[in-house]
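These are my notebook entries on a two-chain model, written while going through the coordinates. I kept each entry to what I looked up and to the criteria behind it.

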Amino acid sequence: MAPMSARTRPLIDVRAATVCHGTAVVLDRVDLTIGRGEIVTLIGPNGSGKSTLVRAALGLVPLAAGAVDTASSIRIGYVPQHFSVDSTLPITVGRFLQLGVSATDADCLQALTTVRAARIQDAPLHRISGGEIKRALLARALLRKPDLLVLDEPSAGVDVTGQAELYDLIVKIRDQQNCGVLLVSHDLHLVMAATDRVVCLNHHVCCAGRPDAVAQHPEYLNLFGAQLARRIAVYTHHHDHQHDLAGKIDSGNAPPPTADG
Amino acid sequence: MHHRQLPMDEILLRPIAAGIGVAILAGPLGCFVVWRRMAYFGATLSHAALLGVALGLMFKLNLHVGVLFVSLGVAALLVVLQRVEDLASDTILGILSHAALALGLVVLSFMDDVRVDLFGYLFGDILAVTSADLIWIFLGGALCLGILLWIWPALLAITLHADLARVEGIAVERTRVLFLLLISLVIALAMQVVGVLLMVSLLIIPAAAAQRLTTTPESMAVLASIGGVAAVYGGLMASLHWDTPAGPSIVVISALLFAVAHLSRPASR
């Protein structure tokens with residue numbers, strides 16, 4: 001389990017970050033910290049700057065003001081929101097996983113098995129589905145044994161049962177590897193249970209804190225509508241079995257550990 | 001018959017060596033041009049090579065050096081224009097490509113004192129390859145292949161996803177600049193083989209032919225080189241038999257190879 005003392009120094013510390021596209025202010029003095037062993041989830045409407053904040057934290061977009069401090073020599077596993085490969089580039093999923101990291105075929109298979117996508121190891125990368133691409137990217141991030149896992153809408157394109165499974169998996173990875181996790185998600189009902197801290201973003205930070213506290217916050221209720229927010233109760237789920245991609249029941253899986261915050 | 005065969009071999013030896021050297025280099029670089037969807041970019045740089053020739057003749061520089069400098073200049077201008085102008089990439093490429101070609105033709109028209117073989121610059125003059133040209137092609141080509149091998153994993157990573165590569169610590173900008181340098185170099189070296197108008201076909205046709213038959217980036221690159229070598233040899237032989245222009249014959253043969261490759265393995269979707 002995560003040693004709590006390691007959390008004192010953040011992996012990434014974003015302070016008063018301001019990002020502009022032309023004259024539009026996309027991020028307005030946004031603060032964000034992610035510590036070791038902590039799952040932080042960004043929520044907010046479309047176009048509220050979630051992906052821009054993730055990209056700013058990773059140093060992929062220039063800041064108009066503010067600063068981003070990254071702990072020295074941390075390994076980051078990144079699952080970008082969009083990923084597509086030109087169909088003229090012949091490369092298998094397995095080879096894509098191994099690119100830039102020393103990993104054997106067996107390591108790849110293990111990482112793909114963890115994300116329940118073992119059968120796509122030898123498939124051409126441009127032929128797999130959107131949900132499978134997300135799983136492949138997550139497997140690739142895991143192979144790098146990251147200190148920080150950054151997932152931009154990891155469940156987009158993943159089927160409904162796969163989504164719940166995915167958030168269970170993210171919690172499990174955090175527990176096993178004691179890495180920090182930064183997550184962008186629209187699956188409020190699933191993500192609220194799996195996360196330690198929620199940051200509700202609409203160009204500025206509307207509210208932030210523990211999921212149960214944020215769920216009561218007037219700004220949150222205002223942003224998502226009180227009716228909808230009430231329907232999305234913080235929900236903890238358990239499975240006694242899991243399915244692989246083909247829908248087969250996978251045996252020998254311990255029930256997912258619960259988030260302990 | 002042997003005493004009549006021998007001079008023919010000697011005439012062809014240098015062109016074949018030059019063509020093979022260029023084709024080996026063009027294979028893997030052409031793959032990246034195809035994967036990165038830079039065919040029109042390559043065409044723009046090669047059209048601009050005519051301006052390099054013209055300036056080289058004017059300032060009495062080595063023509064390879066003139067072409068290299070103009071290619072790099074056009075590549076830099078392109079990067080700047082894409083940042084500051086609101087025009088689509090292909091529009092900017094179209095403007096630069098034809099402006100540079102036209103400017104090259106205009107500058108060449110001022111050279112009254114130099115006999116300019118315009119057809120040779122536009123469509124290649126591989127039969128006139130000198131020993132000095134061969135040295136350029138093989139030393140320059142070896143340098144290019146060395147650089148390409150060095151940046152291969154990084155270039156492959158940024159071709160797949162530039163942001164992912166950057167997060168994983170790859171020097172994205174340096175790799176991009178080196179790749180542009182390699183494209184400029186291959187154009188400078190290969191200009192004599194197929195000429196500025198057909199140059200980009202030597203990059204993309206063997207690569208596109210190899211794509212359907214391979215399952216890894218590396219095997220596609222190697223097969224593209226082999227296909228390019230076959231096209232150069234076949235084109236030169238055809239040129240010899242039917243007295244056709246060598247550069248265009250090489251391109252026609254590579255197009256035939258592409259057709260055969262794609263008819264033998266039709267797209268599975």
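I began with A:Leu109 and, leaving aside its neighbours within four places in sequence, found it in contact with A:Ala118 and A:Gln121; two residues are in contact if their C-beta atoms, placed from the backbone, lie within 7 Å. A:Leu109 sits in helix α3 (residues 105–114) of chain A, where helices (H or I, at least four residues) and strands (E, at least two) are DSSP runs numbered from the N terminus. I noted A:Leu109 as partly exposed because it has 15 C-beta neighbours inside 10 Å; the scheme calls a residue buried if 20 or more other C-beta atoms lie within 10 Å of its own, exposed if 12 or fewer, and partly exposed in between, with C-beta atoms placed from the backbone. I also looked up A:Leu97, which is 12 residues from A:Leu109 in sequence and 9.7 Å away in space, C-alpha to C-alpha.

For the record, this is a predicted model, in which local features need pLDDT of at least 70 and side-chain atom pairs count only at pLDDT 80 or more, while totals for chains, interfaces and linings use all residues. Residues are numbered from 1 along each chain as its sequence is written, and chains are lettered from A and ligands numbered from 1 in the order in which they are written.

Next I turned to the sheets of chain A. An open sheet of 6 strands has the order β5-β6-β7-β3-β8-β9, with mixed pairing; two strands pair if DSSP finds at least two bridges between them. Strands β5 (76–79) and β9 (204–209) of chain A stand at the edges with a single partner strand each, so one side of each is left without a neighbour in the sheet. Neighbouring strands of this sheet are turned by 15° against each other on average, direction ignored; axes are lines fitted to C-alpha atoms, for helices over the stretch in contact, and angles run from 0 to 180 degrees between N-to-C directions. Helix α4 (residues 130–143) of chain A packs on the sheet, touching β5 and β6 (148–152) of chain A, and its direction makes about 175° with that of β5(A).

I then followed the bridges within this sheet. Strand β3 (residues 39–43) of chain A pairs in the parallel sense with β7 (residues 180–184) of chain A over 4 bridges, and A:Ile39 has A:Val181 as its bridge partner in β7(A). β3(A) also pairs in the parallel sense with β8 (residues 197–202) of chain A over 4 bridges, with A:Val199 of β8(A) as the bridge partner of A:Leu42.

Another open sheet of chain A has 3 strands in the order β2-β1-β4, with antiparallel pairing. Its edge strands are β2 (24–34) and β4 (65–70) of chain A, each pairing on one side only, and the twist averages 25° from one strand to the next. I counted 7 bridges between β1 (residues 12–21) of chain A and β2(A), and A:Val14 has A:Leu32 as its bridge partner in β2(A). Helix α1 (residues 50–57) of chain A lies across β1, β2 and β4 of chain A, at about 60° to β2(A).

How many helices and strands does chain B have? I find 10 helices and 0 strands. Buried residues make up 49% of its 269 residues. I looked at one helix pair in chain B: α3 (residues 63–84) and α8 (residues 172–211) pack at an angle of about 145°, with their axes 9 Å apart. The residues of the contact of α3(B) with α8(B) divide into 10 nonpolar, 3 polar and no charged; Ala, Val, Leu, Ile, Met, Phe, Trp, Tyr, Cys and Pro count as nonpolar, Asp, Glu, Lys and Arg as charged, and the others, Gly among them, as polar.

Last, I checked where the chains meet: the contact takes 20 residues from chain B and 17 residues from chain A. On the side of chain B that touches chain A, the largest share, 5 residues, comes from α6(B).
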